[in-house]
Amino acid sequence: MSYCCGAGMVGSVGSVRHYKTLVHNVPIMFCPVCDRIEVHPAIEGEYEILVEYAQGDQAPEVDFADFVSVDNTTELFENCTMTDEAASFADVLKQQIDISLDLLGVAKELKDDEWREALMIRLKRLSERLKQYNKRKQMSQKSA
């Protein structure tokens, strides 16, 4: 599994900006706590080659899927704690909160104050993100 700041990375397909080039449909892993995004290591070589050519051509945007075939995303994301394919982002955040709460119980049993504090910070951030997401979702539903 891949972790970032102690949280499980979420597998997804998204857009990544590399200098002046925006690359769409790239398999990525992102951290729902600190928002770090990284290109999935299994396709990083292909991504770098595509970006190099796109920048040489001064292309402002390219679609990764047009140049590289990623056949089995299930296998690709098997080292992620979860993917966002089947669930809403709210569900992903709730799963991360549940995992963090489980770990908080372990940290309390072990009397590990440093770990417990780190988990409390993570839980606060995840809760804030879930609240913001739900608020944006309600706003978009009202305007529709």
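Hi everyone, let's start with one side chain: Arg125 is partly exposed, with a relative accessible area of 26%. By that I mean between the two cut-offs, since buried is under 20% relative accessible area and exposed is over 50%, using a 1.4 Å probe and protein chains only.

A quick word on the model before I go on. It is predicted, so local features need pLDDT of at least 70 and side-chain atom pairs count only at pLDDT 80 or more, while totals for chains, interfaces and linings use all residues. Residues are numbered from 1 along each chain as its sequence is written, and side-chain values use heavy atoms, with hydrogens and water left out.

Now, what does Arg125 pair with? Its side chain meets that of Asp35 in a salt bridge, at 3.1 Å from N to O. A salt bridge here is a side-chain nitrogen of Lys or Arg within 4 Å of a carboxyl oxygen of Asp or Glu. In general, side chains of opposite charge can pair when their charged atoms come close. Arg125 sits in helix H5 (residues 113-143), and Asp35 in the loop between strand E4 (21-30) and strand E5 (37-39), 90 residues apart. Helices (H or I, at least four residues) and strands (E, at least two) are DSSP runs, numbered from the N terminus.

Asp35 is itself partly exposed, at 38%. Asp35 also meets Arg129 in a salt bridge, at 2.2 Å from N to O. Arg129 lies in H5 and Asp35 in the loop between E4 and E5, so this pair ties together parts that are 94 residues apart in sequence. Is Arg129 buried or exposed? At 15% relative accessibility, Arg129 counts as buried.

The structure holds four salt bridges. Another one of them joins Arg36 and Glu38, at 2.2 Å from N to O. Arg36 is partly exposed at 37%, and so is Glu38 at 24%. Through shared partners, Asp35, Arg125 and Arg129 form one network.

Let's turn to the nonpolar side. The largest nonpolar core has 37 residues, and those with the most contacts inside it include Val23, Tyr47 and Phe64. Such a core is a set of buried Ala, Val, Leu, Ile, Met, Phe, Trp, Tyr and Cys residues joined through side-chain atoms within 4.5 Å. Elements giving two or more residues to it include strand E3 (10-18), helix H1 (44-56) and helix H4 (89-109). H4 gives the most, with seven residues.

Finally, Val23: beyond its neighbours within four places in sequence, its contacts (heavy atoms within 4.5 Å) include Gly14, Tyr47, Val62 and Phe64. Thanks, everyone!
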